[in-house]
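Please walk me through this structure. I would like to hear about its charged pairs, its helix packing and its backbone.

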Amino acid sequence: MQLIEKAPAKINLGLDTPYHHQDGAEEWNMVMTSVDLADYVEIQTLTKHKRIRVASDSGFLPNDQRNLAFQAANLLQTNYHIDEGVNIRIKKNIPVAAGLGGGSSDAAAVLRGLNQAWSLGLSWQELAELGLQIDSDVPYCVYGRTAHVRGRGERITPLSKLPAAWVVLAKPKVSVSTPSILQQIRYDQLAHPDIDALLRAVREQDIAGMCAVMGNALEPLTAHRYPEITQLKQQMMKFGADAAQMSGTGPTVFGLCSKQSRAQRVFNGMKGFCREVYLVRPLP
């Protein structure tokens, strides 16, 4: 069987971590949405052997057990005693190590695709719980729609779609290691964004309210190491974004615009400061 799954990028409208668990895992409190910048994951099941093969058109991705899409296929194959192999080919459009969840979204696409191909009959929630074994962003990416994300990343509450908006993404040349940022967290020093207020604004379709309370508790940690993040934020606001902040652990900065004309102006302006710039919309 052969199928293609879309794997969209995610952004964090709000990101907070109120504490960590005894095993060191972070507790998350986030509002996330997906945008129409996406990888495409081609999945082909094979009956002759049980090998898992991953290939991509990116020179930056590992094609072995380190690849999250490989891990997703191996997880389902092992847990459900599947005697078939898989060829996975990833067409990369999402920048690597960018804070946009590309690897997690690819893994989620494999979980969804193989759930269908192997007739496993797993619910979204069951796939999300499996995905947590791969990475904390995979459960959200299984759903791939605006949601409130809590717990270790597995408690997903879908929200209504966002009010009409445009998003400009700008990734500086640096790549960020998520574990290295998480190791720097000092919970008594974090500034916690008001996630409850952000949730109210999303539910009320109030884009001005959203922009007023958006926040990322990890942004100061990454921006301290990579000052270009703050510079990109400042430029986005200068060009007219309604709000700008870092996604995930960075380094990508996104600007939220309520008007397409303003988003186009921000996009055009940012191309003078950054090579990787994208004008996208939140997925419905």
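The paragraphs below take up salt bridges, then a helix pair, then backbone geometry.

This is a predicted model, in which local features need pLDDT of at least 70, side-chain atom pairs count only at pLDDT 80 or more, and totals for chains, interfaces and linings use all residues. Residues are numbered from 1 along each chain as its sequence is written, and side-chain values use heavy atoms, with hydrogens and water left out.

Start with charge. Side chains of opposite charge can pair when their charged atoms come close. Here a salt bridge is a side-chain nitrogen of Lys or Arg within 4 Å of a carboxyl oxygen of Asp or Glu. The count by this rule is eight salt bridges.

Take Arg112 and Glu5. Their closest N and O atoms are 3.1 Å apart. This pair links distant parts of the chain: Arg112 sits in helix H2 (residues 102–117), Glu5 in strand E1 (residues 2–20), and 107 residues separate them. Helices (H or I, at least four residues) and strands (E, at least two) are DSSP runs, numbered from the N terminus. Are these two partners buried or exposed? Buried means under 20% relative accessible area, exposed over 50%, and partly exposed in between (1.4 Å probe, protein chains only). Arg112 has a relative accessible area of 12%, so Arg112 is buried. Glu5 has 15%, so Glu5 is buried too.

Next come Arg262 and Asp242. Their salt bridge has its closest N and O atoms 2.8 Å apart. Arg262 belongs to helix H10 (residues 260–270), and Asp242 to the loop between helix H9 (228–239) and strand E9 (243–246), so the pair ties together parts 20 residues apart in sequence. Arg262 is partly exposed at 26% relative accessibility. Asp242 is partly exposed, also at 26%. Elsewhere, salt bridges with shared partners join Asp39, Lys92 and Asp106 into one network.

Asp64 and Arg66 form another salt bridge, at 3.0 Å from N to O. Asp64 is partly exposed, with 27% relative accessibility. Arg66 is exposed, with 60%.

Now return to H2. It packs against helix H3 (residues 124–131) at an angle of about 130°, with the axes 10 Å apart. Axes are lines fitted to C-alpha atoms, for helices over the stretch in contact, and angles run from 0 to 180 degrees between N-to-C directions. Angles under 35 degrees count as roughly parallel, over 145 as roughly antiparallel, 65 to 115 as roughly perpendicular and the rest as oblique. H2 and H3 are therefore oblique to each other. Which residues make the contact (heavy atoms within 4.5 Å) between H2 and H3? H2 supplies Leu111, Arg112 and Asn115, while H3 supplies Trp124, Leu127 and Gly131. Three of the contact residues are nonpolar, two polar and one charged. Ala, Val, Leu, Ile, Met, Phe, Trp, Tyr, Cys and Pro count as nonpolar, Asp, Glu, Lys and Arg as charged, and the others, Gly among them, as polar.

Finally, look at the backbone. The peptide bond from Gly250 to Pro251 is cis, with omega near 10°. Pro251 lies in the loop between E9 and strand E10 (253–257). Ala97 is not a glycine, yet its phi is positive, near 55°. Ala97 lies in the loop between strand E4 (85–91) and H2. Its relative accessibility is 35%, so Ala97 is partly exposed. Gln205, also not a glycine, has a positive phi of about 55°. Gln205 lies in the loop between helix H6 (195–203) and helix H7 (207–213). Gln205 is partly exposed, with a relative accessible area of 37%.

Key. Contact means heavy atoms within 4.5 Å.
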